[in-house]
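Biologist: I would like a close look at one part of this model. Please keep to the strands and the rings that go with them.

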Amino acid sequence: MNSSRPYLVNALIDWIVDNGCTPHVVLDLSIDGVIAPTEYATENRLVINVSGTAVRNFKLDQDGLEFDARFQGQPHHVNCPVGAIVGIFAKENGEGMAFKATLDGAPAQGGAAEAGEDDEPKLPPHLRVVKD
C-alpha cells in the first residue's frame, strides 16, 4: 500500500487552516534526499510555515514534499521524501501530529529495528464470529 503520510499531512493542513491557524511542517534533515536550507535548522529539524501565503508551488504526494519559500528574504526550493516529514502542527496552539522519520518504509536511525523489536512484521489480529 501507499504511504498514508501525505494523505494525513494534507488533511491536517486543511484542518489547521479551517480553524484559522498557521500550518507548520517539521522536516528531519538527516534523511537522504532532503533539499532544504540547513542553516535554519536546529538539531537536524527544520520547521517551515506551509500556509498558502508563505510558500509557492506546494506539492505533496507519494513522491514527497516540494515547494518554494523564502527564508530571511532569500528564495529557496525545498524538496524532501515523504519519510522526512516528522510533524505537522498549528503554530498558534501546537495541535497536530508527529511521525517517525523513515527511509523507503524502513525505520530511520533509532527506529524499531534498533530498539530490539522483531524484524518480522506484525500481522493484524484475526476476527471470528462469536455467537451469544
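How many residues lie between E3 and E4 in the hairpin that they form? And please follow the chain on from there.

Modeller: Two residues lie between E3 and E4 in their hairpin. First, the ground rules. This is a predicted model, where local features need pLDDT of at least 70, side-chain atom pairs count only at pLDDT 80 or more, and totals for chains, interfaces and linings use all residues. Residues are numbered from 1 along each chain as its sequence is written, and side-chain values use heavy atoms, with hydrogens and water left out.

Now the strands. Helices (H or I, at least four residues) and strands (E, at least two) are DSSP runs, numbered from the N terminus. Two strands pair if DSSP finds at least two bridges between them. E3 covers residues 55–61 and E4 covers residues 64–71. Their pairing is antiparallel, with five bridges. Arg56 faces Asp68 in E4.

E4 also pairs with E5. That pairing is antiparallel too, over seven bridges. Phe67 has Val78 in E5 as its bridge partner. E4 and E5 form a hairpin as well, with two residues between them. Gln72 sits in that turn and has a positive phi of about 50°.

Next, the rings. A pair of aromatic rings is described by the distance of the centres and the angle of the planes. Here, rings of Phe, Tyr and Trp (its six-membered ring) pair if their centres lie within 6.5 Å; planes under 30 degrees apart count as stacked, over 60 as edge-to-face and the rest as tilted. That rule gives two aromatic pairs. Tyr40 and Phe71 are stacked, because their ring centres are 5.2 Å apart and their planes lie at 20°. This pair links distant parts of the chain, 31 residues apart. Tyr40 is in the loop between strand E1 (23–28) and strand E2 (45–49), while Phe71 is in strand E4.

How covered are these rings? Buried means under 20% relative accessible area, exposed over 50%, partly exposed in between (1.4 Å probe, protein chains only). Tyr40 has a relative accessible area of 27%, so Tyr40 is partly exposed. Phe71 counts as buried because its relative accessibility is 9%.

The other pair is Phe58 with Phe67. Their centres are 6.2 Å apart and their planes are at 20°, so these rings are stacked as well. Phe58 counts as partly exposed because its relative accessibility is 33%. Phe67 has a relative accessible area of 0%, so Phe67 is buried.
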